[in-house]
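This note is intended for a colleague meeting the structure for the first time. Please read the numbered points beside the sequence and the model.

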Amino acid sequence: GVTPEEVLTLDRLAGLVHPEDREIWRQNVREALRRGQALRVEFRVVRADGSVRWFVSQGRTHNGRDEESSRLLGVSIDITDRKRVEERLRTSEALSSGVLASLPGEMVILNRSGAALRTSTSWQAFADGDGARDPAVVAVATLSSRALAPAVEDAGPLVEEIQAGIEAVLTGAQADFRLDYASPTRTGQRWATISVVPLQRPEGGGVIYRQDITAQQKSRLEAE
């Protein structure tokens, strides 16, 4: 419902946001402008045909003399598919081979203590190849008591942050955990996003989903 030529004011943008998400969207934007900080907010958009899509907006504030003259530059990325994946991962359906094989990213399922129950073929291939030192892979391997001590030393605080997020979800201290991060690979630096959600079954456990977002991050950086 927006043409390329249309000038998008804050009020016009807010009108596109789902009514239930509008206020939190406004609060995040205003805080970013007021504090001069980075913006990252997930929200739903109602399209002209009535369908609903999920987006994440990421950007940086360029400060003016006051809040009115400050600007936010960034990008909004459609994450509807990721949200649908996360919803499927919250159920025992995630344990099926069909779901493991159908996802575009990499997935591993952990039991309540952090040991790996199932891994997708794509996760195993990534862990055995270019992603051997990826912080998410190292964090999962460490929790599962795999011998990857050299990689842990290289990854440092990022691995610890991911491990803490995974453990918080597994213990129920946190409803979910998400993190975007950069990691060097054999083919250059790549960006990825990791989502951790609880597995809704009596035995507990959690599902970790990793997806490469390098293209989206490059678009965001170019916009800034």
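1. The model under discussion is a predicted one.

2. Helix 6 (residues 135–143) and helix 8 (residues 157–170) have axes that cross at roughly 60 degrees and come within 9 Å. The two helices are therefore oblique to each other. Their crossing is right-handed.

3. Which residues bring helix 6 and helix 8 together? On the side of helix 6 they are Pro135, Ala136, Val138, Ala139, Val140, Thr142 and Leu143, and these meet Leu158, Val159, Ile162, Gln163, Ile166 and Glu167 of helix 8. Sorted by class, this contact comprises 10 nonpolar residues, two polar and one charged.

4. Helix 6 also has helix 5 (residues 121–128) as a partner, with the axes coming within 10 Å and crossing at roughly 100 degrees. Helix 5 is thus roughly perpendicular to helix 6. Trp123, Phe126 and Ala127 of helix 5 form the contact with Ala136, Val137 and Val140 of helix 6. The residues of this contact comprise six nonpolar, no polar and no charged.

5. A separate point concerns the second largest pocket, whose volume is about 190 Å³. Its lining is made up of 14 residues, of which Ile77, Asp78, Ile79, Ile213 and Gln216 are the closest to the centre. Strand 2 (52–62), strand 3 (71–78), helix 3 (80–89) and helix 9 (214–223) are the elements that each contribute two or more residues to this lining.

Notes
Residues numbered from 1 in each chain as written. Predicted model: local features only at pLDDT ≥ 70, side-chain atom pairs only at ≥ 80, totals over all residues. Heavy atoms only, no water. 1 Å grid on protein atoms, 1.4 Å probe; cavity = no way out; pocket = protein on both sides within 12 Å on 5 of 7 lines; lining within 4 Å. Points joined across faces, edges and corners; volume = space filled by probe spheres on them. Helix = DSSP H or I, 4+ residues; strand = E, 2+ residues; numbered from the N terminus. Axes fitted to C-alpha atoms, helices over the stretch in contact; angles between N-to-C directions. Parallel < 35°, antiparallel > 145°, perpendicular 65-115°, else oblique. Left-handed = near helix turned anticlockwise from the far one by under 90°. Contact = heavy atoms within 4.5 Å. Nonpolar A, V, L, I, M, F, W, Y, C, P; charged D, E, K, R; others polar.
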